[in-house]
Amino acid sequence: MDDIERLIAVDRLPAPVGAALMRLGKGIQILQVQENIDGGVATYEIDLLLADTYYEVELDAEGNVIGSEIESWIVPLASVTEPARRAIENEAAGAAILEIRMEIEEDRGEVVYEADIRNTTRTYALRIDSHGTLIERDITMAMLPPGAYWALVRAAQGGSIVELDEELHDGKLSYEANIVIRGVEFELSVDADGNVVELNYP
């Protein structure tokens, strides 16, 4: 039996899972539900917002909580470290700063901020560290350097690019795309010249 990982609608959750979620607290917002079937056994990973905290909760089909972790907290701009606050304000350049989330990134061992910014053309997310250094920025195809653009276009032939980020690693910018071809999603990172930096399959 093949293992399955798929996003499903909230109304497709088993009744015990839905009931367990409602017991977590009033005002819960369910953001995404992923059904995982492994060896015929179903579990459910659910991203949710409760008060000012984002959680990922995993439950079995009977509604028992298997695991739970805090993903991030919504914080006011005034509580952000000064270098990070300046970086967010400079990026926004007068555009609306919709929400700022703070998280502890384990592999970096430090606080990271993610800000949602809405300008006249789009809404996007910016990730920076507490020192104000760029980690990741959502971008569009039109914002890519020519070499990266054509490399990703060629890689996505017969499919589509569903997510695109500009990332900074060791002082160098790279461009990561989530590409779906015939139902299979993979991640491809290229540099500004289109050279492959990293390729990850599920």
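Welcome to this chain, whose accessible surface comes to about 11700 Å², with 49% of that area belonging to carbon and sulfur atoms. Please keep in mind that this is a predicted model.

**The chain as a whole**
- The C-alpha atoms fill a box of roughly 50 × 45 × 35 Å along the principal axes.
- The chain has 202 residues, and 38% of them count as buried.
- If you take the contacts between residues at least 6 apart in sequence, 35% of them join residues at least 24 apart.

**Pairing with β10**
- Strand β10 covers residues 159-169 and pairs with β11 in the antiparallel sense, over ten bridges.
- Within this pairing, Val180 of β11 stands opposite Ser160.
- Two residues lie between the strands of the β10 and β11 hairpin, where Asp170 takes a positive phi near 50°.

**Pairing with β12**
- Strand β12, residues 184-190, is also an antiparallel partner of β11, with seven bridges between them.
- Here Ala177 has Leu188 of β12 as its bridge partner.
- β11 and β12 form a hairpin with two residues between them, and Arg182 in the turn has a positive phi of about 50°.

Conventions
Residues numbered from 1 in each chain as written. Predicted model: local features only at pLDDT ≥ 70, side-chain atom pairs only at ≥ 80, totals over all residues. Heavy atoms only, no water. Pairing = 2+ DSSP bridges. Helix = DSSP H or I, 4+ residues; strand = E, 2+ residues; numbered from the N terminus. Buried < 20%, exposed > 50% of the residue type's maximum accessible area, 1.4 Å probe, protein only. Contact = heavy atoms within 4.5 Å. Areas by Shrake-Rupley, 256 points an atom, 1.4 Å probe, with all protein chains shown as cover.
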